[in-house]
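I have a new structure open today and a notebook beside it. These are my entries on what I looked up, in the order I went.

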Amino acid sequence: MCALFAYQPTREGNTLVANGGRSGCLNSATVNVRIVVEQKDSAPRVLGELAQSGTEINLVTKAPCNSGNAVTVFTETASSTGATYRSASTTFEKC
């Protein structure tokens with residue numbers, strides 16, 4: 001079964017790390033994996049993004065974590081087929 005995946009972001013020192021992709025797919029597609037920060041008064045903002053085309057895709061994208069503020073982020077995986085998958089959100093203090 002062809003499916004997208006997006007794991008909750010993690011933090012490695014001053015770097016946010018997001019892992020996502022697609023598995024079990026026979027057809028080729030372009031997949032974008034993004035680290036997205038939630039913002040109270042405006043649309044979510046993409047902090048980091050990677051793209052790859054293929055059938056089986058596993059991407060790790062990174063973004064700086066150095067604003068000094070708390071941030072709430074999630075991983076979003078989007079396919080050129082139109083499918084999208086989003087992880088649960090995670091809040092990092094002093095990021």
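I count a contact when heavy atoms lie within 4.5 Å. With that rule I looked up Gln39, which touches Pro44 and Arg45 once residues up to four places away in sequence are left out. Before going on, I noted that this is a predicted model, where local features need pLDDT of at least 70, side-chain atom pairs count only at pLDDT 80 or more, and totals for chains, interfaces and linings use all residues. Residues are numbered from 1 along each chain as its sequence is written, and side-chain values use heavy atoms, with hydrogens and water left out.

**Entry: Gln39.** I found Gln39 in the loop between strand 4 and strand 5; strands are DSSP runs of E with at least two residues, helices are runs of H or I with at least four, and both are numbered from the N terminus. Gln39 has a relative accessible area of 31%, so I put it down as partly exposed. My scale for that is buried under 20%, exposed over 50% and partly exposed in between, with a 1.4 Å probe and protein chains only. I also checked Gln39 against Thr72: they are 33 residues apart in sequence, and their C-alpha atoms are 8.1 Å apart in space.

**Entry: the whole protein.** The C-alpha trace spans about 45 × 30 × 20 Å along its principal axes. Of the 95 residues, 40% count as buried. Among contacts with a separation of 6 or more, 58% come from residues 24 or more positions apart.

**Entry: salt bridges.** How many salt bridges does the structure hold? I got three, using a side-chain nitrogen of Lys or Arg within 4 Å of a carboxyl oxygen of Asp or Glu as the test. As background, side chains of opposite charge can pair when their charged atoms come close.

I started with Glu49 and Arg34, whose closest N and O atoms are 3.0 Å apart. Glu49 is in strand 5 (residues 45–54) and Arg34 in strand 4 (residues 29–37), so this pair ties together parts 15 residues apart in sequence. Is Arg34 buried or exposed? Arg34 is buried, at 18% relative accessible area, while Glu49 is partly exposed at 39%.

Next I saw that Arg34 also forms a salt bridge with Glu76, at 2.8 Å from N to O. Glu76 sits in strand 7 (residues 71–79), and the pair links parts of the chain 42 residues apart. I therefore wrote Arg34, Glu49 and Glu76 down together, linked in a network of salt bridges.

My last pair was Glu38 and Arg86, at 2.9 Å from N to O. Glu38 is in the loop between strand 4 and strand 5 and Arg86 is in strand 8 (residues 84–86), 48 residues apart. Glu38 is partly exposed at 35% relative accessibility, and Arg86 is partly exposed at 42%.
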